[in-house]
Structure formats: structure tokens, C-alpha cells
Amino acid sequence: MFQRRNPNQAGAVVVVFTCLVALITGCGPAATTQSSAQDSGASSAFTAKVAADVATATAAQTASTNPVPATSDPIVHGKKIVVIPCSMAVEGCARPARSIIEAAHLLGWEASIDDPASDSTKISAAIQRAVSKKADAIALTSIDAAAVQGDIKAARDAGIAVTCNMCGNKDDLYESMVPSLDENNKAGYLLGEFAYLEARKRFNSAPKFIVLTDPEFDTVKARVSGLKQFIDDCKAAGAGCEKVAEGSFLAGEISTVAPGRVAQLVRSNPGYNVMFAGFDAAMLFFSQGLQQAGLADTKKAFGISVDADVANTEMIRKGGFQAASVGFAFGRAGYGHVDNLNRLFDGQAPVDQGVTGKLVTKDNVPGSGGWDGDFDATTLYKHLWKVG
């Protein structure tokens, strides 16, 4: 739990007096002073590293920093793929799904979306329908392999290639993932670094986190793990970061009961100054709930999350409750899935498609819409495939 620290002038006098006694007697507190200086040095080095990491992560991505593959396999024609998103109502699922369809059509493939609308039973049924239709490939978005492993195994046994965007990959059932799961861990750590600098700038304080997680998704769990690793590293450097509270929610609750629970968590932990939510769709509803409850004062706290969705990016742009998001270029990610599917169809191994997270803040936010890349990677794929 969060414990208030309230150093005051009287406390400072006690410290000075203790140090004077130490100088006179030559006893223990002199070592404490030396230790404090060492801690301060460690904290300064830590702050410098954090600032360098944030500067790198906020810089524009380019065709050099995030390249598409240099070569392509010959296009394999006449393929049929089924795209299964977590839900087309969720922006972070819909964007890569639409991109996969667009890229597949460029190669002349038959491609369709089967939307299960976040219903686990319908996800299973959608995979089974793809198998019965004798699809050549199934491309999923934000659906962990562990949730439907029996169905994926059946698809793989039927000779169907299976890939996923933003997923956990139990038993390596997915043959290609764009981006890798580790990019989510990095995103959580990076958001912790941003929060550290921003809390010091806004509040002259280390960040005091409320951490909100959805245990349904391996990607969200990886983001939380990355954030917690940052908090541990910050503590080890003597830089004062704390996790003051943690709560969980389910995706189906983000527009119903979860915002009220989040508001209550804030009331119970008034000393917090940073809220981490596992993904932007959740943060959007939570920030709206806090605003309705009179708890979204940006002079006291701010939010951080992942996806750089349109509404969240607008919040960042306008200086609202959310201050940063780590975005992934989902428009190009779908092209990367199709490129790897073509390689799999040709009997080759998938390759790294160059998709990594970018830290989006008020200082680098695009002028409108969400963030979906800093350069036109889709045209580079078209040149690579010699289409369009």
C-alpha cells in the first residue's frame, strides 16, 4: 500500500543535528551520508538512462529504423485466408484485421473477416468454420493461442497456416507473430520510464502507480510485467518509484462496471499520480469514469497505456488525462502478416517484419487521428511484391 512521505523542516533539523553529532563522535551516521551520496549518484545515472531511452522511443520511425524485409519470396497465387479479430468493435483488433484483408487482396488472395465480437465460444466456432471451408491460412488478432489451443492444433493438423497479431503463443502454435510478444514487455517498461520523467516534471515527485491489468491477455500481462520491472529497477536505483495499488478488469467490463471500480481505487489511494491501463480502449472508459467522478485532475495524476487509438491520441493531443501511449503501426503489421504467410506458403520460414512500439506523447503526437506509423511502409511492401 502507498505510504505518505511528508518530510518537513523539523525533520531536516534532526538530520543536520545527527550529522553534526556524527562528525564530533566519528560514529555511524557518517556512513549513512556517504551511502546517501552514492544513492544520489545512482539515481542521477538512472535518470540519464531513462531520458535517453525516452528520447529514442519518441523519435520518428523510419525505413531504416523499422525496415520492411529486403527481399520477398515469389508470390504464391490462389490462396484463401480467414481473418479472425478479437472484435471489430475494438480499434486495436480491427486495424490490423483490415490491413491483412487489404494486403491479401493485393496479392489476389480470397480474404474475409469472421468477427467473434469478443465471445470466446464464437472465436472457437470461427476457427472451426475456417477449417471446414478449407482455408489456406487463418490470421488472428489479439487472441492468445492458449485460449483456443485445441482449435488451432486442429487447424495446423489440417495443413492450415496460422498467424497472429498481438498475441501470446503457447506451444508455438502460431507460426508467425507480428509484433513479437516481447515488444509488449518493452512497451510497459518504456511507459514506466516516461511516467518517471513526467511525474518529476509535473509534480516534482517520483511516480506512484496504480496498475490496472486484464488477465485475459498475454500481451497485457507482458506490458504489466515490463512496467513492474521498471518499478523494481527504479527502486534499486534509489529513485523512489512505487506501486501503490493494483486492480484487474475484464475486457467485457470496461464500459460497464470497471470504471466505477477504478474510481473507487483512486479514492482509496489519493496519493497516486500515475495510472497504467493495459490497453487504450480500457483507458478511454476509465478516464471518462474518472472525469464524471471529478477525479481526473491532471494537476494530480495522469494516465498511460498502449495502442495509440484515435480517441486516446486525441486525449494526449489536447492535454487530457492520458499523457502517453505506446503505438504500433498496425496498418503495416497486416502487410507483414501477409508477407510471412506468403513465405510459409512457399515453404520458407517467416522473418522479422520490423514492427516495434513508439512512445506517443504531447510533444510528438500527430496532428490528427491516432498514430499508425511515421512513414508509408505499405508502399514499400507493394514495391517488394511488385503489385499495386
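Helices (H or I, at least four residues) and strands (E, at least two) are DSSP runs, numbered from the N terminus. The model is predicted, so local features need pLDDT of at least 70 and side-chain atom pairs count only at pLDDT 80 or more, while totals for chains, interfaces and linings use all residues. Residues are numbered from 1 along each chain as its sequence is written, and side-chain values use heavy atoms, with hydrogens and water left out.

Start at helix α9, residues 280–292. Its 13 residues reach 18 Å from first C-alpha to last, close to the expected 18 Å. That expectation is 1.5 Å times one less than the number of residues. After α9 comes G294, with a positive phi near 70 degrees.

Now turn to the cysteines. A disulfide is counted when two cysteine sulfur atoms lie within 2.5 Å. The count is 3. C86 pairs with C93, S to S 1.6 Å. This link is right-handed, with 90 degrees about the S-S bond. C164 pairs with C167 at 1.7 Å. Its torsion is about -40 degrees, so this disulfide is left-handed. C234 pairs with C241 at 2.1 Å, and that link is right-handed at 70 degrees.

Both C86 and C93 are buried. So are C164 and C167, and C234 and C241. In sequence order, the bonded cysteines pair 1-2, 3-4, 5-6.

Notes:
Buried means under 20% relative accessible area, exposed over 50%, partly exposed in between (1.4 Å probe, protein chains only).
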